[in-house]
Amino acid sequence: MKAPPFAYARARSLAEALDLLDRHGDGAKLLAGGQSLIAALNMRLSAPELLIDISRLGELSGIRVRDGHVRIGALTTHAAIESSPDIAKHLPLLAQAAPHIAHAAIRNVGTFGGSIALADPAAEWPACCIALDARFTLVGKRGARQVKAREFFKGLYSTALRTAEVLTQVEIPIPGPDYRSAFVELARRRGDYAIVGLAAIGKNTRGALSDTRLAFFGVGATPVLAKNAMTAIDGRAAKSDAIAAAVKALEKDLDPGPDLYSSAATKMQLARVLTGRALAALVA
Ligand SMILES: Cc1cc2nc3c(=O)[nH]c(=O)nc-3n(C[C@H](O)[C@H](O)[C@H](O)COP(=O)(O)OP(=O)(O)OC[C@H]3O[C@@H](n4cnc5c(N)ncnc54)[C@H](O)[C@@H]3O)c2cc1C
């Protein structure tokens, strides 16, 4: 199938993109890497009257380290994150997650902000942002606001972004030197969206974990922070009995539905297995 007809405008600045968004409201859509949007247009799942191409806005791209935070521009590609020495040094969770996103050709074009704005429930970046306690900058014509990742994902493909807003930047606090991270996912083939995945981080003090954050994806309409499992492991060395307690507590956190290929029971079992692997990795 082919996309329905649409008008096209290449924004030369963020201000111009915001102006166009404001004038066209729901009739306009932002085009970043186009790796999800163009497919949706071709399948006629979306029919905007205007595409506002923001892909050339250099001001929305790049990775900067300052004041104990890493700031990632919304247009930074998956590949740029994957190969960044700053990301490898300060946010290894993102470096671990990146190779799981699609294939190299898609990672070269698809963007961090596009993935977050799309909010696919099986995507890697939203769960990583929740585990890392990221904050998003959303800019509209009337100003900017900050929204925490934990409050951003509202439902299936639904976020806190308002109609005429652009996600411009993601700000992530750099975890301290004792923090460890683990990224694990199960997919049918390398590069496919996950059946179930887990982005995990925790402070390792001589083998005991604290401030553990377990963010699952592929288990519901949004990423899920497994608060009961996190409480069950905190303050304990991740030995087999502590891991078993966290896995048991998971029952109170997750209630996955089936997807096209896996039953709810299979997903729950995969989540248990991934929890054991991630916690073992955090103290390894
Ligand atoms: C074959 C294939 C496999 C894939 N596998 C995976 C995978 O395993 N994991 C995964 O996470 N993704 C996967 N993807 C999706 C890919 O990661 C996309 O790059 C990403 O989801 C969207 O980024 P984009 O820059 O291409 O956004 P676009 O497709 O350009 O836009 C997506 C949506 O976000 C909106 N948007 C984009 N940028 C902004 C912004 N800055 N502010 C506000 N709204 C914005 C657009 O209006 C649109 O609605 C796959 C894609 C393909 C084609």
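Predicted model: local features only at pLDDT ≥ 70, side-chain atom pairs only at ≥ 80, totals over all residues.
**Ile52 and its surroundings**

Ile52 belongs to strand β3, which spans residues 50-53. Because its relative accessibility is 0%, Ile52 is classed as buried. Leaving aside residues up to four places away in sequence, the contacts of Ile52 comprise Ala9, Ala11, Ala17, Leu20, Leu21, Ala28, Lys29, Leu30 and Leu31. A further distance relates Ile52 to Glu16: the two residues are 36 residues apart along the chain, and their C-alpha atoms are separated by 9.6 Å.

**Helices α11 and α12**

Helix α11 covers residues 240-253 and helix α12 covers residues 264-283; their axes come within 10 Å and cross at roughly 145°. The crossing of α11 and α12 is right-handed. On the α11 side, the contact is formed by Ile243, Ala246, Val247, Leu250 and Glu251. These residues meet Met268, Ala271, Arg272, Thr275, Gly276, Leu279 and Ala280 of α12. Classified by residue type, the contact of α11 with α12 contains eight nonpolar, two polar and two charged residues.

**Aromatic pairs**

The model has five aromatic pairs.

| Pair | Centre to centre | Angle between planes | Sequence separation |
|---|---|---|---|
| Phe112 and Trp125 | 5.2 Å | 75° | 13 residues |
| Phe136 and Phe152 | 4.8 Å | 85° | 16 residues |

Each of these pairs links distant parts of the chain. In one, Phe112 lies in helix α7 (residues 112-118) and Trp125 in helix α8 (residues 124-131). Phe112 and Trp125 are both buried. In the other, Phe136 is located in strand β6 (residues 135-140), whereas Phe152 is located in helix α9 (residues 149-152). Burial applies to Phe136 and to Phe152 as well.

**A charge over a ring**

An aromatic ring also takes part in a contact with a charged side chain. Arg188 is placed over the face of Tyr261, at 3.8 Å from the ring centre.

Definitions and conventions. Residues numbered from 1 in each chain as written. Heavy atoms only, no water. Helix = DSSP H or I, 4+ residues; strand = E, 2+ residues; numbered from the N terminus. Buried < 20%, exposed > 50% of the residue type's maximum accessible area, 1.4 Å probe, protein only. Contact = heavy atoms within 4.5 Å. Axes fitted to C-alpha atoms, helices over the stretch in contact; angles between N-to-C directions. Left-handed = near helix turned anticlockwise from the far one by under 90°. Nonpolar A, V, L, I, M, F, W, Y, C, P; charged D, E, K, R; others polar. Phe/Tyr/Trp six-rings, centres within 6.5 Å; stacked < 30°, edge-to-face > 60°. Lys NZ or Arg CZ within 6 Å of the ring centre and 35° of its normal.
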